[in-house]
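Here are my notes for a first look at this model. Please read them with the structure open.

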Amino acid sequence: MRFAIFGDIHGNLEALEVVLAECETCEIENYLCLGDIVGYGANPEECVNRIRGLGALAVCGNHDHAVVGAQNLSYFNAHARDAVIWTAKQLSQESKNWLKGLSLVEHLPDFSIVHGSLHSPELFNYVQTIKDADYNFRQMDRPLLFLGHSHYPLAFFDTSPMTYTLDPIIPLDPSVKTVVNAGSVGQPRDEDPRACFVIFDSEAELVELRRVEYDIDAAAQKILDAGLPQTLALRLTLGK
Ligand SMILES: [Fe+2]
């Protein structure tokens, strides 16, 4: 089966539409969302509706949690906090109810998905180092885990010693636990501003990282027009 797995959309409809158009050419059978559908970008309601329309299985991100009042806002920096407050005003009650119903973790037969970390997922810790990945390896009862949150795509392997890769092609070995960070659709932070997502082919035992160009200027202008912090528009251009 071929899965498209993506997250950290952050209300960026321009980026999401380009990713989904790319998916239509990739024989995708199943869509999975790693959370943070909203927050930062100017189209939160539209992004929630798009994900719901796909029938994607989604987990809850910290921004999704915050806009429905489930997360203490002191966790966020000033710009993120402004965006959470603005986003909460844009969302319909129906969308808020849907976000409220998202789980922190979902387990599929061969892999799991989470926004931040499988180790205490409610704390939304980042998985950025081999040590962070090790906490996850110890919690995994499936060989493969997909997550987001850092907006930085990479994969960690529970080999001896543990290793990681930044390569866009990630071969899987079912005997080696693997954590894949799918990067960010709507606010990449690895200095590559293109929208990022992964395709997991379970038969080929392969994960492929994809990058797609989108209309960054349009998404950035919408952020400015909405009166959201200017830096949220600028960082789309910089990809960091
Ligand atoms: Fe995020």
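Which residues of E1 point one way, and which the other way? Start there. Bear in mind throughout that this is a predicted model.

1. **Strand E1.** Arg2, Ala4 and Phe6 point one way from E1. Phe3 and Ile5 point the other way. Both sets are buried. The strand spans residues 2-6 and is mostly covered, with five of its five residues buried. Note that Arg2 is on the list of buried residues.

2. **Partners of E1.** E1 pairs with E11 in the antiparallel sense, over four bridges. With strand E2 (residues 30-33), E1 pairs in the parallel sense, also over four bridges. In E2, Ile5 stands opposite Leu32.

3. **The sheet that holds E1.** What is the strand order here? Read it as E3-E2-E1-E11-E12-E9. This is an open sheet of six strands, and its pairing is mixed. The edges are strand E3 (57-58) and strand E9 (169-171), each of which pairs on one side only.

4. **E11 and E12.** How many bridges join E11 to E12? There are seven, between residues 195-201 of E11 and residues 206-212 of E12. The two strands run antiparallel. Val198 turns up again in this pairing: it stands opposite Leu209 in E12.

5. **H1 against H2.** Helix H1 covers residues 13-24. The axes of H1 and H2 come within 10 Å and cross at roughly 20 degrees. That angle makes H1 roughly parallel to H2. The crossing is left-handed. From H1, the contact uses Leu13, Leu16, Glu17 and Leu20. From H2, it uses Glu46, Cys47, Arg50, Ile51 and Leu54. By class, the contact residues are six nonpolar, no polar and three charged.

6. **H2 against H5.** H2 (residues 44-54) also meets helix H5 (residues 93-100). Their axes come within 10 Å and cross at roughly 60 degrees. H2 and H5 are therefore oblique to each other. This crossing, too, is left-handed. On the H2 side, the contact residues are Glu45, Val48, Asn49, Ile51 and Arg52. On the H5 side, they are Glu94, Ser95, Trp98 and Leu99. They divide into four nonpolar, two polar and three charged. Ile51 of H2 takes part in the contact with H5 and in the contact with H1.

7. **The other sheet.** There is another open sheet of six strands, in the order E4-E5-E6-E10-E7-E8. Its pairing is mixed as well. Strand E4 (105-107) and E8 are the edge strands, and each pairs on one side only. Neighbouring strands of this sheet are turned by 15 degrees against each other on average, direction ignored. Within it, E7 and E10 run antiparallel, joined by four bridges. Ala155 stands opposite Val180 in E10.

8. **Helix H6.** Which strands does H6 lie across? They are E6, E7, E8 and E10, and H6 runs at about 60 degrees to E7. H6 covers residues 130-139, and its buried residues are Asp132, Ala133, Asp134, Asn136 and Phe137. These buried residues pack against strand E6 (144-147), strand E7 (154-157) and strand E10 (178-181).

9. **Thr163.** Leaving aside residues up to four places away in sequence, Thr163 touches Ile130, Ala155, Phe156 and Phe157. Thr163 and Ala133 are 30 residues apart in sequence, and their C-alpha atoms are 9.9 Å apart in space.

Key: Residues are numbered from 1 along each chain as its sequence is written. This is a predicted model: local features need pLDDT of at least 70, side-chain atom pairs count only at pLDDT 80 or more; totals for chains, interfaces and linings use all residues. Side-chain values use heavy atoms; hydrogens and water are left out. Axes are lines fitted to C-alpha atoms, for helices over the stretch in contact, and angles run from 0 to 180 degrees between N-to-C directions. Angles under 35 degrees count as roughly parallel, over 145 as roughly antiparallel, 65 to 115 as roughly perpendicular and the rest as oblique. A crossing is left-handed if the near helix is turned anticlockwise from the far one by less than a right angle, and right-handed if clockwise. Contact means heavy atoms within 4.5 Å. Ala, Val, Leu, Ile, Met, Phe, Trp, Tyr, Cys and Pro count as nonpolar, Asp, Glu, Lys and Arg as charged, and the others, Gly among them, as polar. Two strands pair if DSSP finds at least two bridges between them. Buried means under 20% relative accessible area, exposed over 50%, partly exposed in between (1.4 Å probe, protein chains only).
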